[in-house]
Amino acid sequence: MRIVDNYLTNKKIQQYRDEAEAILEYAETLKGMEDWTLVVNFTQIKTARNRPNMLLAYAIITEVIQRKLKLSPYVEQIMGALAMGDGHIVEMATGEGKTLAAAYPLAWHALFGRSHCITANDYLARRDSEFLHPVYQTLHLNCDYLQENFGRETRQLSYRRQIVYGTASQFVFDYLRDNTALDVQDLIQQGNNFALIDEADSILIDEARTPFLLSGEVGAEDDQYQLLDELARSLEAVDAPIDVKTKLDTLVTRRTSDHGDCLVDIRGQAVSLTERGFAKAEAFLIERGIVAAGRQWMPEEAPVWAALFAALKAHYVFQKDRDYVVSELGEVITVDPETGRLSPGRRWNQGIHQAVECKEGLEVKGEAREIGRIALASYLDVYDDVAGMSGTAVAVADELHTLYGLKVIPIPRHLPSKLVQHPDKLFATKEAKFNEIADDVEAIHKTTQPILVGTGSIEDSEALSKLFHQRGLHHRVLNAKQNLQEALIIAEAGKPKAITIATNMAGRGTDILLGGSAEHSDAVSEQLVLEQGGLFVIGAERMDSARLDQQLAGRAGRQGDPGHVRFYASLEDALLRQAGAKHMAPLFRFAANPDAGLQGTTISRALKRIQKQKQSMTADARRAGLAQDRLLDEPRGIFLTQRDVVLRTDAGDLLDDLDQVARLAAHRLMSVYSDATGSEGRSAVLEKIKQWHLSPSWAERAIHDYEKTLSVDDYAVLIREFEQWLSFELTARSRSLLEQEPKALKQSMLLGIDTMWQSIVEESDRVRQGVSLQAYVGVKPHLALKQSIYQIFHEALADVPVAQLDYFFEAIEQHALSLEAA
């Protein structure tokens, strides 16, 4: 099957090459046309969406780019543009001109709707939008970009443009905000037709591990975090062996006492208690009165265990100056794991942020109330077409196809690569590794060759910086603590004798030009760097994913330039400590100098094998997590469709639906009454009527009369009379309110839908925590969760009319009180 896939892909690549060459030939014939003639031809294309028109549009775009940007797109760029126009993800090497290639599919799809370009950060969104603005403007297409500090009105204006650039979080959070709007005029987005994802593998794979959460007001503090922090500190944590990480069933069978109290997988951000650890935790929780003896495994206690695991993660998984920093104001600020940037205002969920605050001795702020959630995979479903581009997509082609249904097309390089890959160097300790890096940097620096050192954490970047200072090596550090200058710093990393330390993929999307940035480069500096072999990239550790290493290595050798890359690793690095240290430690036993490094193809192959093993498990965990998030897709679609109908219906027309809401609410209350035992059902109905500020006397008499016979016919009469009574009360009491506040009914209906959807999300979370614990007694978590969510959804859907009347009757009551006060 793989052979067939490769054959079809190669055939497709050849098709794109033939079409790209034809486009360039036709673009040559357009050089004599005036701009207005090109625009007329371009806008007329929208009359028919077919292949010939797409090729014609691409030819016109090519000519406009040459005129306005003074750039000449080459065959490989247009090949990538064609593949993206067809809804594929393209892999184009660093420096191959992906930004320019993106303009083609964005402009093509903008003819028929709205195009969104999802970028890796706000800086790239603004840069790319402004760079391509002359092209779009000439084609009579308007474009704009989104930024973190934009307000609602500014965002609304941006979304009116045909082409919008922004980060995934900007687009997704605006979508979630729209799903809480109480008036059509409050809607931010104006339609979702085409999404083009820059750095697609990073956004779709690395950043899709957790769903996007939109939070509302903050709840109260919980002293429980202090007690669980005390418990977490008392437990003995050990690194989990690689063969038990992320596999819950294996963890269950192997949680023996010789593993300590807690197994920790730092990179997978997972913890598990051993048998001994569970015994200690149970004793502590019972002794402190947090749970009752004999009920510690009941479903209602799942939040306690979830909070305990959050405390364990805070202590043994999340590290200061790697995963977060503590600001001068005493706030925990998270660090984006893929970019190394600070994320002010973003808080971890599931109690982890509170646990970290407790660990650092800071004020513990209550967990924010979640009012919206969606996984990126689910959000992309709102677009008619999706495409993407990246320099490292082929490695995760299967996963991208499985999760998103997107095919990866590798685009050949415009010029052959001259990058020299040096063998990895392996050391017994991190100290020895850092000393060797400093030695090599010092030696390379004497040749004037520029050096980029990539690290996996802020902590490592600062440790290397300190070591470089001690040796008198002038350098610049790019990490989350000063991310505002990252583009400038990374752009200057190609200057002669430049030494730059950068965390992970900070500055990704900004080209490193040999000799310096486009503004400060000169021919002499460029030639000097070329003669010394181009940029030398040093990877200070092997990351969990080979793609991240490939992205770092791709900084050198761009567009046929020379370049060098070497990676360094130690047995104390996170990847090897979890996976391969015990297998590779014997290599150092017979070394003459234990601090000396080992290198060679055997070492490089061994490290790549460990990475592949780790990647396989994280992919399994990612698929499982997204599969659980997907369980809410169908319920979400039904609720949002219902919500959109109400939102877009005129307030006056909704009055026709008032009787229907009353009937459905009456049926729901009667079903609650009939399903309950004893007097519970009667009490529930009467309490709800009182909550609606209605007299329960009529309902009490009607139910009493029915209970004398309990006949089926009398029950039908009871329901019919209850419907009529509720409808009459509703109509009579709402007349005054609706005369003065005609939108009150619409807002009540929307809030009722939102409330019940929120109950689904919260109840699903509670169940998810519970079913995870059920794995310990042999229940399949995914199946149990699916069944539970199905039941929760149907219960909540039936409760929507009741929730809508909750809000509407409360509005009626408040209106009446205001009239009395007046």
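Lysine 98 sits in helix H5, residues 98–110 (helices are DSSP runs of H or I with at least four residues, strands are runs of E with at least two, and both are numbered from the N terminus). This is a predicted model, in which local features need pLDDT of at least 70 and side-chain atom pairs count only at pLDDT 80 or more, while totals for chains, interfaces and linings use all residues. Residues are numbered from 1 along each chain as its sequence is written, and side-chain values use heavy atoms, with hydrogens and water left out.

With a relative accessibility of 12%, lysine 98 counts as buried (under 20% relative accessible area; exposed is over 50%, partly exposed in between, with a 1.4 Å probe and protein chains only). Setting aside residues up to four places away in sequence, lysine 98 touches Met92, Ala93, Met389, Ser390 and Gly391 (contact being heavy atoms within 4.5 Å). Serine 390 is 292 residues away from lysine 98 in sequence, yet their C-alpha atoms are 8.0 Å apart. As for Met92, its backbone oxygen lies 3.2 Å from a polar side-chain atom of lysine 98.

Lysine 98 also turns up in an annotation: an unreviewed UniProt entry puts the feature "binding site" at Gln77, Gly95, Glu96, Gly97, Lys98, Thr99 and Asp511. Such annotations may be inferred rather than shown by experiment; the feature names are shortened, and the positions follow the numbering used here. Glutamine 77, in helix H4 (residues 75–85), is buried at 5% relative accessibility. Beyond its neighbours within four places in sequence, glutamine 77 is in contact with Ser72, Met92, Glu96, Gly97, Leu100 and Ala101. Aspartate 511 belongs to the loop between strand S20 (499–503) and helix H20 (523–531), and is partly exposed at 35%. Not counting residues up to four places away, aspartate 511 touches Gly95, Ala491 and Arg558.

Now for the nonpolar cores, meaning sets of buried Ala, Val, Leu, Ile, Met, Phe, Trp, Tyr and Cys residues joined through side-chain atoms within 4.5 Å. The largest has 56 residues, of which Phe639, Trp692, Phe722, Leu726 and Phe808 touch the most other members. Helix H31 supplies the largest share of this core, 12 residues. Tryptophan 692 has contacts outside its four-place sequence neighbourhood that include Ala665, Leu669, Leu726 and Val802. Another core, of 54 residues, lies apart from this one and has Leu30, Val75, Leu141 and Ile411 among its members.

Overall, the protein has 31 helices and 23 strands, and 54% of its 822 residues are buried.

Methods:
Polar contact = N/O pair within 3.5 Å; in protein donor to acceptor, adjacent residues only side chain to side chain.
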